[in-house]
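Hi,

Here is the structure I said I'd pass on. Have a look at it, then read on for what turned up.

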Amino acid sequence: TSQTIAETANAQEKMFFLLLALQALFLDALAAECTAPGSPTYQVIFRSTWAGQPADLTPSGALWSPLVVASHNKNYSMWKPGTLASTGVKDVAEQGSNAVLSSELNTAKTDGTVFATTIADSNLNPGADVTLEIQVSASHSLVSVITMMAPSPDWFVGIHDVDLCDGSTWRTTDYVRENFPYDAGTDNGTEFISPNSPSSPPENIFLITNETTGIFFGKNFSSFATTTVKWKATPPTSSPASTSPVVPDTLAPTTPASTQTYDVVFESMWSAANHSGLFPPDAHWSPIVIASHSASYYMWRTGALASTGVKEVAELGSATTLRAELVAQQQKGTVLDIAIASGRISAGAGFSLKIKVDVDHPYVSAVTMMAPSPDWFVGIRDVNLYAGDKWRTAEYSRDNFPYDAGTDSGFDFTSANDPTNPPVNIFLITKTTGDDVFFNKTFPKFGVTKIRAGEGSAASLGFGPMTTALLVVLS
C-alpha cells in the first residue's frame, strides 16, 4: 500500500541520516591530531643500491653526500616535489654541502618547527648503507631525509614528510621507501659530470624519469637506494602497535611471468566538518581513472605539465580524453590495464576497482577531480608493486591532498574559467601556494588511496557492517 511504501521510505531516510552521522564520527576520529605519548627514537636506515645500476648510470667516483635527517611539524618542509629548493637543499644537491641546510634547520628549531636533526659523519659509497637515529614528538612527528647523488648537477634522493604518528599511537611497523633521483631545479646539467649551468630562474623540484632529457632518457632503471624508518624502542603500554595506513613493503615470491590483480580503494574524507571553508556545495569526486603501466609512461607527475587528458579530468571531471591517451599507450605497450569508475563519487564515500599488473607493467597511477574546482585533483602515481622478483603483498596507502593541474588560474572552488597561459607544472596545493581558497588554512587529508592484493570487498577494508552500508549508500 502507499502507506507501507511511505513508511519504508521514511525508515530508509532515517537510516541514511544515521549513516551520515556515523560517517562524521568516523572521519573526525581519523582526523585527530597526534596524541601519542613520549618522544620515541627511530632508526633511519639508508641502503644504497646504486652499484647495481647500468654502467652509464654509475659514474666514476660515485657516492652519496652525508645523510641529513630532521624531525619536524607540518609548518616546516625540508623539500617537496613541485616546490622550489631552499638554499640549503640547493647546496646539498649541487655540492653535497650541508652547512647551509644545517643552519636552516637550526633556525627552524628556534622557530619551533623542527624538533631534532641528525647528520652522517661522512660520504657513503654506492653499495654501502648507514644507520642514523632521530627523535620525534607528538607535535613534531614528521621525518624528512636528503642526500646528494654525486657527482651530479643538482640531483638527490630522500624522503619527505613521513608521519610516524597515527592518532594516539606511534608507528611500530617499518616505513620503507624506494629512492629514485630528484632534480633540485637549480642547475640545467643533464649528465653526471656537467659544467655548472645555473637554472635562471630556478625550477620546482621534480622526479627524474626515463623521459627526462639527459643521461636517464630512454633507460630502464630501478631504485638507487632504499630508506627505512624503523621503530627502535619498546612500545609504551599505553601505545599499542601502530596501525598506521602506510605499511612496509612486504613482498612474497611469485613467478616472474605471472600477472597479478590488485584492488585500488579510494576512501574519501572530504566533509564540512573536517574541511571548514573548503567544502563547496555539491562537493564530489569525478569517476576515478586507474591504469597499470611500465616505467616508460606516466599519467601525471608533480613538476611536469598535465596532458590534455589529465587537464580535462582536473577541470571538467571528464575521463574521455585520458581514456583515449591510455588506449593509445596500450597500443604502444606501455599501459597494460585501465579501470574507470562508472560514476561520480560522493564527497564522503568510497570506491574500489580492480587493476591487473604484470612484471613489465608493475606501476599503478590514478586520478580523480576534486569537484567543483578550477583544476584541482587528487591521486597516486607510479606506485611500484613488483620488486626483486617478488609481488607486493602488504597494503599500500597514500594520504590524498589536492594538486593543481596548472591549467586554470581560478582561486575558488566555483571560480569562472580562467585558463593559465602558458600552463604551469602540476604542483601540490598547500596553505602557502598562493592566493587561492587554501591560503593560510591548515587542513587534514581529503582522502586515502589504498592498493591491496586479494578480495577487495568492503569487509576486507576492516570496516564493520554499518560502515560497509555507508560506502554503498553514499556511492
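This is a predicted model: local features need pLDDT of at least 70, side-chain atom pairs count only at pLDDT 80 or more; totals for chains, interfaces and linings use all residues.

I'd start with strand β6, which covers residues 142-150. Nine of its nine residues are buried, counting a residue as buried when its relative accessible area is under 20%. So β6 is largely enclosed by the rest of the structure.

Which strands pair with β6? Going along the chain:

- Strand β2 (residues 63-64) pairs with β6 in the antiparallel sense, with two bridges. Here Leu 63 sits opposite Ala 150 of β6.
- Strand β3 (residues 68-72) is another antiparallel partner of β6, this time over five bridges.
- Leu 142 has Asp 163 in β7 as its bridge partner. With four residues between them, β6 and β7 make a hairpin.

Now for the empty space. Rolling a probe the size of a water molecule over the atoms shows where such space is left. The second largest pocket holds about 400 Å³. Its lining is made up of 26 residues, and those nearest the centre are Asp 183, Glu 203, Phe 206, Thr 212 and Thr 213. What is the make-up of that lining, in nonpolar, polar and charged residues? It comes to nine nonpolar, 12 polar and five charged residues.

Over to you!

Technical notes. Residues are numbered from 1 along each chain as its sequence is written. Side-chain values use heavy atoms; hydrogens and water are left out. Buried means under 20% relative accessible area, exposed over 50%, partly exposed in between (1.4 Å probe, protein chains only). Two strands pair if DSSP finds at least two bridges between them. On a 1 Å grid over the protein atoms alone, a cavity is a set of points where a 1.4 Å probe fits but cannot get out, and a pocket is an open set with protein on both sides within 12 Å along at least five of seven lines; lining residues have an atom within 4 Å of a point. Grid points are joined across faces, edges and corners, and a volume is the space filled by probe spheres set on the points. Ala, Val, Leu, Ile, Met, Phe, Trp, Tyr, Cys and Pro count as nonpolar, Asp, Glu, Lys and Arg as charged, and the others, Gly among them, as polar.
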